[in-house]
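Biologist: Before I look at the fold, please walk me through a few details of the model.
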Amino acid sequence: MPKQQAKKCIVCGSYSEEGLLCFKHKTAAKSLTEGYKYWKEAFNISFNEYLKEVRKRSETGTWVKEIIDYVIASNDFNILLETC
Ligand SMILES: [Zn+2]
């Protein structure tokens with residue numbers, strides 16, 4: 001595996017000051033993990049199911065949908081947990 005050279009967002013490829021996620025996808029990741037705390041208490045669902053539910057909702061923002069798509073496709077849930 002080559003080392004990550006450029007600071008690029010793994011979701012959209014934009015320049016990222018802070019590493020794996022650009023500002024907008026980091027913000028989206030944070031709101032996702034924070035939202036899960038409530039969903040977990042209210043509905044007792046897994047993180048995976050939570051992501052799919054949020055993805056289906058029309059009020060979910062584009063950035064959030066993009067990171068959900070990335071996480072589900074890559075099965076890389078750590079990216080959400082590590083950034084928050
Ligand atoms: Zn991004």
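Modeller: This is a predicted model. Ile67 is a place to begin, setting aside residues up to four places away in sequence.

Biologist: Which residues does Ile67 touch, not counting those up to four places away in sequence?

Modeller: A contact here needs C-beta atoms within 7 Å. With residues up to four places away in sequence left out, the partners of Ile67 are Val11, His25, Ala28, Ala29 and Leu32.

Biologist: Which residues of the largest nonpolar core touch the most other members?

Modeller: In soluble globular proteins, nonpolar side chains tend to be buried together. The largest such core here has 14 residues. Those touching the most other members are Ala28, Ala29, Leu32, Val64 and Ile67.

Biologist: Which element supplies the largest share of this core?

Modeller: At least two core residues come from each of α1 and α3. The largest share is five residues, and its source is α3.

Biologist: Is Asn44 buried or exposed?

Modeller: Asn44 sits in the loop between α1 (23-43) and α2 (47-56). Its phi is positive, about 55°, although Asn44 is not a glycine. Most residues other than glycine have a negative phi. Because Asn44 has 8 other C-beta atoms within 10 Å, and 12 or fewer is the cut-off, Asn44 is exposed.

Biologist: What is the phi of Asn75?

Modeller: Asn75 belongs to the loop between α3 (62-74) and α4 (78-83). Asn75 counts as exposed because it has 8 C-beta neighbours inside 10 Å. Asn75 is a residue other than glycine with a positive phi, near 60°.

Note on methods
Residues numbered from 1 in each chain as written. Predicted model: local features only at pLDDT ≥ 70, side-chain atom pairs only at ≥ 80, totals over all residues. Helix = DSSP H or I, 4+ residues; strand = E, 2+ residues; numbered from the N terminus. Buried ≥ 20, exposed ≤ 12 C-beta atoms within 10 Å, placed from the backbone. Core = buried A, V, L, I, M, F, W, Y, C linked by C-beta atoms within 7 Å. Contact = placed C-beta atoms within 7 Å.
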